[in-house]
Amino acid sequence: MKEQLDQLKQFALESLQGVTDNDSLERLRVEILGRKGKMAELMKAMATLGDEDRKAAGAAANEIKAAIEGAFATVAGRVESAARSERLGREWIDVTEPTIGVRSGMGNLHPVTQVREDLEDLFSSMGFIVADGPELESEYYNFTALNIPATHPARDMQDTFYIEGHPDMVMRTHTSPVQIRSMQKYGVPLRAIVPGRCFRNEATDVRHEHTFHQLEGVVIDKGITLGHMKGVLETVAKHLYGSETQIRLRPKFYPFVEPGVNGEVTCFLCKGAGCRLCKKSGWLEVFGAGMIHPNVLREGGVDPDVYSGFAFGFGLTRLVMLKYGIDDIRHLEGGDLRFLKQF
Ligand code: PHE
């Protein structure tokens with residue numbers, strides 16, 4: 001019996017040496033230590049022995065069983081750690097790899113923002129504040145307060161988006177409503193510019209877009225004249241297009257100014273000689289302006305008998321198109337990075 005037990009131990013230790021994975025370890029465990037395994041067989045055989053022998057064999061069997069179980073435990077540990085290091089090897093990670101995924105590229109300011117910031121700097125240096133107003137505007141500020149009553153045909157010049165359920169609200173068609181808002185907010189004397197988005201219900205094409213940018217200016221004080229206005233606008237034109245640049249003011253009707261002018265600058269491409277850009281005229285139309293109408297001053301709470309002022313509105317989007325030679329206005333709000341990355 002003792003001999004058979006030793007043989008079993010020998011067999012177990014030898015078999016275990018070749019075991020490298022859990023499956024074969026488990027199979028071997030069943031074969032040797034299982035309910036119907038080799039060990040169990042020997043135990044069964046022991047039952048047939050006489051009392052003395054059975055006692056001795058029982059003690060030996062327990063010892064050997066413990067030894068075999070110990071050997072199994074050792075091998076189980078070895079298999080487990082081998083599996084772990086194999087997994088670690090396979091699941092190798094690069095700790096230097098960025099964890100947030102695809103690196104996002106460097107952005108750049110939208111060309112309209114670049115030109116706007118440049119003009120904000122220029123006007124700040126001349127003592128202007130940069131004011132702001134709502135894009136969803138009341139019909140009152142956008143039209144009525146600007147001397148454009150409900151039935152006035154001038155409303156047709158600026159068809160806008162009306163808001164369902166809010167008949168008295170519009171998407172502002174220009175930045176001019178902020179003339180009055182800033183008179184009310186800051187009082188006079190006043191020097192302010194208002195850059196901002198405007199909206200018109202346009203059939204879009206290369207020169208028309210439903211969303212565009214303007215830059216409004218307003219100056220109010222005692223004794224302000226058209227001469228002051230021309231001086232400021234000339235400064236802006238020279239800043240934008242060089243010191244040679246001249247401006248030309250020609251009468252144009254806007255209900256909220258009197259007199260009103262249409263402002264042009266000498267074409268920076270042909271220097272006034274006439275080319276494709278300026279349609280052979282030598283001039284580029286870039287702003288509307290004029291002396292603020294007394295009715296508008298009154299709406300802003302300013303006494304037109306004491307104060308006078310001028311206002312102007314640049315098509316900021318148009319300035320950008322001219323500056324960069326952009327031939328289709330729709331690129332500017334199109335959100336196409338291939339276009340925007342060029343600036
Ligand atoms: N608001 C006018 C427009 O959008 C421009 C303008 C501004 C004209 C200020 C005169 C004075 O066309």
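Lys-279 lies in the loop between β8 and β9. In this predicted model, the phi angle of Lys-279 is near 50°, a positive value in a residue other than glycine. Lys-279 is also exposed, since its relative accessible area is 65% and the cut-off for exposed is over 50%.

With a relative accessible area of 59%, Lys-271 is exposed.

Two cis peptide bonds are described next. Strand β8 covers residues 257–266 and contains Pro-259. The peptide bond between Glu-258 and Pro-259 is cis, with omega about 0°. Pro-189, by contrast, is placed in a loop, with helix α7 (177–186) on one side and strand β5 (190–199) on the other. The bond that joins Val-188 to Pro-189 is cis, and its omega is about -5°.

At the level of the whole protein, the chain is divided into two domains: domain 1 comprises residues 2–91, and domain 2 comprises residues 111–340. The centres of domain 1 and domain 2, taken over C-alpha atoms, are separated by 94 Å.

Technical notes:
Residues are numbered from 1 along each chain as its sequence is written. This is a predicted model: local features need pLDDT of at least 70, side-chain atom pairs count only at pLDDT 80 or more; totals for chains, interfaces and linings use all residues. Side-chain values use heavy atoms; hydrogens and water are left out. Domain bounds come from an automatic or database domain assignment. Helices (H or I, at least four residues) and strands (E, at least two) are DSSP runs, numbered from the N terminus. Buried means under 20% relative accessible area, exposed over 50%, partly exposed in between (1.4 Å probe, protein chains only).
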